[in-house]
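Thanks for coming. I will go through one structure this morning, chain by chain, and then turn to the contact and the cores.

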Amino acid sequence: MLAEAVRSIGANISTTVAATMTVLIGMFLLGLFIALGTYVLSWSDHVKSELVVKVFFDRDVKPAQVEAVRVKLDSNQQVRKFELVTAEQGLEKIKKQRPELFGADGLPFNPLGPAYTITPIKAEYTEPIANSLKPMPAGVHRVTYGRKTAEKILSVAKVIESIFLIAVLVLLSASTILIANTIRLSIFARRREIEVMKLVGATNWFVRGPFMLEGLICGLGGSLLAVILLFVGKEAALPSILPRLDSGPNVNAMGFWAISLILLTVGLLLGAAGSGLTLRRFLRV
Amino acid sequence: MTVVQETTLATEAPALAQPETQDLQAAAARAMIVFDNVGKVYEPNVVALEGASFVIEKGEFVFLVGPSGSGKSTMVRLLLKELEPTSGRIVVGGRDLARLRRSKVPQLRRNIGCVFQDFKLLPNRTTAENVAYALKVQGEGGNAIRHKVPEVLGLVGLTHKVNSYPDELSGGEQQRVSIARAFVNHPPLLVCDEPTGNLDPDTSVGIMQLLYRINRSGTTVVMATHDREMVDKMRRRVIALEDGRIARDERRGGYASE
């Protein structure tokens with residue numbers, strides 16, 4: 001059967017090339033989109049996770065006042081977790097982040113009070129949580145939640161997510177239709193051949209096998225080429241782009257090999273299923 | 001493997017065909033082909049065949065004659081279960097086609113050699129590969145193919161064109177390839193739909209001689225044809241169709257009624 005498929009690829013080289021190129025283009029775009037899309041999604045997740053509410057206490061706050069805020073947060077359904085940052089821990093943090101602010105001999109005293117860092121269950125809850133602490137309880141110096149940033153980030157993330165979803169859907173259906181069409185053309189050109197095969201007494205699977213194998217090989221070839229192209233693109237383009245993207249270490253696109261695997265699988269299935277399904281119509285002889 | 005093949009290669013002389021006096025049930029079991037009141041109506045209401053009944057015994061050589069559109073090709077396609085009859089019953093080699101499951105159709109076709117007016121060869125395969133395809137379809141191995149293909153190509157006289165592609169062959173040669181393909185399995189039944197329709201008279205004679213030899217080896221041959229001269233010369237059984245009805249069924253007839 002393999003021999004049949006190979007011979008038929010050789011005999012119909014132009015349609016084979018056309019089908020392979022179609023798969024190549026489709027898979028290349030799909031790969032690009034998966035990479036970009038997952039990167040953007042991961043970025044928006046990362047930014048969202050950084051949305052926290054901070055409650056700063058006065059330097060001379062009484063433990064009972066801190067406890068009162070704790071009780072309040074404990075009963076709030078929108079709070080995932082909160083963490084007490086003592087004055088000393090706060091100072092350490094700042095020292096680590098901005099060492100240039102501190103002289104060699106350090107500060108004469110710690111200007112900070114303790115603080116709560118509150119992580120909401122959803123990024124959208126930052127504002128309600130902040131509002132729930134209004135008016136400010138006794139001993140609280142300030143409540144911040146980066147209002148403007150939060151709003152912007154949330155709306156941008158929403159847009160990005162839906163665009164990504166739509167793009168992937170459009171791309172997938174477009175390449176499916178494109179590939180099915182190419183295969184149909186190649187099969188249409190050979191429907192006489194199929195008719196003869198059936199009249200000689202070939203079973204459906206005997207006819208279908210080589211065609212599907214051919215589709216499989218086209219699909220595999222196309223997606224393999226797409227993976228190679230993507231790899232070359234990644235190696236060539238990413239080093240010059242990455243440093244300009246101001247993202248933390250937590251922001252990552254889906255791994256290249258995972259994307260390759262997806263592309264190969266989709267290409268294979270597309271090729272085999274495409275030719276198998278398209279054949280069905282011509283097998284009724 | 002199949003009923004048809006078991007009963008196949010009987011080389012005994014054909015029994016006398018007397019369909020009108022025979023009990024159909026008994027005949028169906030022994031005969032090669034039984035048409036029992038078969039009708040075929042194409043959508044929307046073109047009547048291609050109506051009330052066709054006849055029995056063809058094993059080893060017979062039968063001409064189906066009649067003008068274009070009289071139902072000859074419909075009959076051939078019914079035999080191959082390419083079409084389903086609208087009414088009536090068709091039995092081929094003891095098997096009722098109506099009760100034959102779709103998955104068994106390939107087996108039926110492997111037991112019926114087909115020859116067509118337009119040859120229906122696979123254009124991108126050589127002579128030998130075209131013939132070998134019929135064997136491969138049945139899952140025959142390389143050994144059988146190496147053995148049987150040259151043999152049958154010798155029979156049709158194409159040993160020197162083994163590696164030619166169809167478009168390098170003349171019409172007569174292509175038809176010989178298609179006969180070789182139809183006969184390589186030694187099917188019990190050979191069905192020909194105007195095999196000489198595209199050929200000049202001299203070439204046609206060669207093809208007819210070939211079919212005659214195949215018939216002599218015990219294979220039943222059913223041939224739809226326009227070729228008046230050939231039918232008159234051969235003096236074999238003739239079933240004449242007119243507007244989808246059987247107008248005449250003579251044991252040693254001519255193209256036109258006398």
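What percentage of the 258 residues in chain B is made up of buried residues? The figure is 46%. Before I go further, please keep in mind that this is a predicted model.

Let me stay with chain B for a moment. Chain B has 9 helices and 10 strands. If we take the contacts in chain B with a separation of 6 or more, 71% of them are between residues 24 or more positions apart.

Now some of the strands. Strand β1 of chain B covers residues 33-42, and strand β2 of chain B covers residues 46-56. These two run antiparallel and are joined by 7 bridges. The link from β1(B) to β2(B) is a hairpin, made through 3 residues. For one position to look for on the screen, find B:Phe35, which stands opposite B:Phe54 in β2(B).

β1(B) has another partner to look at. Strand β4 of chain B, residues 87-92, pairs with β1(B) over 5 bridges, again in the antiparallel sense. Here B:Ile33 stands opposite B:Val92 in β4(B).

On to chain A. Its secondary structure comes to 9 helices and 4 strands. Along the sequence, the pattern in chain A reads α-α-β-α-β-α-β-α-β-α-α-α-α. Chain A has 285 residues, and buried residues make up 32% of them. Of the contacts in chain A with a separation of 6 or more, 90% come from residues 24 or more positions apart.

In what order do the 4 strands of the open sheet in chain A lie? The order is β2-β3-β1-β4, and the pairing is antiparallel. At the edges are β2 (79-85) and β4 (140-144) of chain A, each of which pairs on one side only. From one strand to the next, the twist averages 15 degrees.

Within that sheet, β2(A) and strand β3 of chain A, residues 115-120, run antiparallel and are joined by 6 bridges. One bridge there pairs A:Val85 with A:Ala115 in β3(A). Packed on the sheet is helix α3 of chain A, residues 63-74, which touches β1 (53-57), β2, β3 and β4 of chain A. The direction of helix α3 makes about 5 degrees with that of β3(A).

Next, the contact between the chains. How many residues does each chain bring to the contact? Chain A gives 10 residues and chain B gives 14 residues. On the chain A side, the largest share is 3 residues, and these come from helix α7 of chain A, residues 191-199. By class, that side of chain A has 7 nonpolar, 2 polar and 1 charged residues.

Last, the nonpolar cores. The largest one has 107 residues. The members that touch the most other members are B:Ile33, B:Leu64, B:Leu79, B:Val131, B:Ala180, B:Leu190 and B:Val191.

Take B:Val131 as an example. Leaving aside neighbours within four places in sequence, B:Val131 is in contact with B:Val149, B:Val152, B:Leu153, B:Val177, B:Ala180, B:Arg181 and B:Val184.

There is also a second, separate core of 19 residues, which includes A:Phe57, A:Val69, A:Val143 and A:Tyr145. That is the end of my part.

Note on methods. Residues are numbered from 1 along each chain as its sequence is written. Chains are lettered from A and ligands numbered from 1 in the order in which they are written. This is a predicted model: local features need pLDDT of at least 70, side-chain atom pairs count only at pLDDT 80 or more; totals for chains, interfaces and linings use all residues. Two strands pair if DSSP finds at least two bridges between them. Two residues are in contact if their C-beta atoms, placed from the backbone, lie within 7 Å. Ala, Val, Leu, Ile, Met, Phe, Trp, Tyr, Cys and Pro count as nonpolar, Asp, Glu, Lys and Arg as charged, and the others, Gly among them, as polar. A residue is buried if 20 or more other C-beta atoms lie within 10 Å of its own, exposed if 12 or fewer, and partly exposed in between; C-beta atoms are placed from the backbone. Axes are lines fitted to C-alpha atoms, for helices over the stretch in contact, and angles run from 0 to 180 degrees between N-to-C directions. A nonpolar core is a set of buried Ala, Val, Leu, Ile, Met, Phe, Trp, Tyr and Cys residues joined through C-beta atoms within 7 Å.
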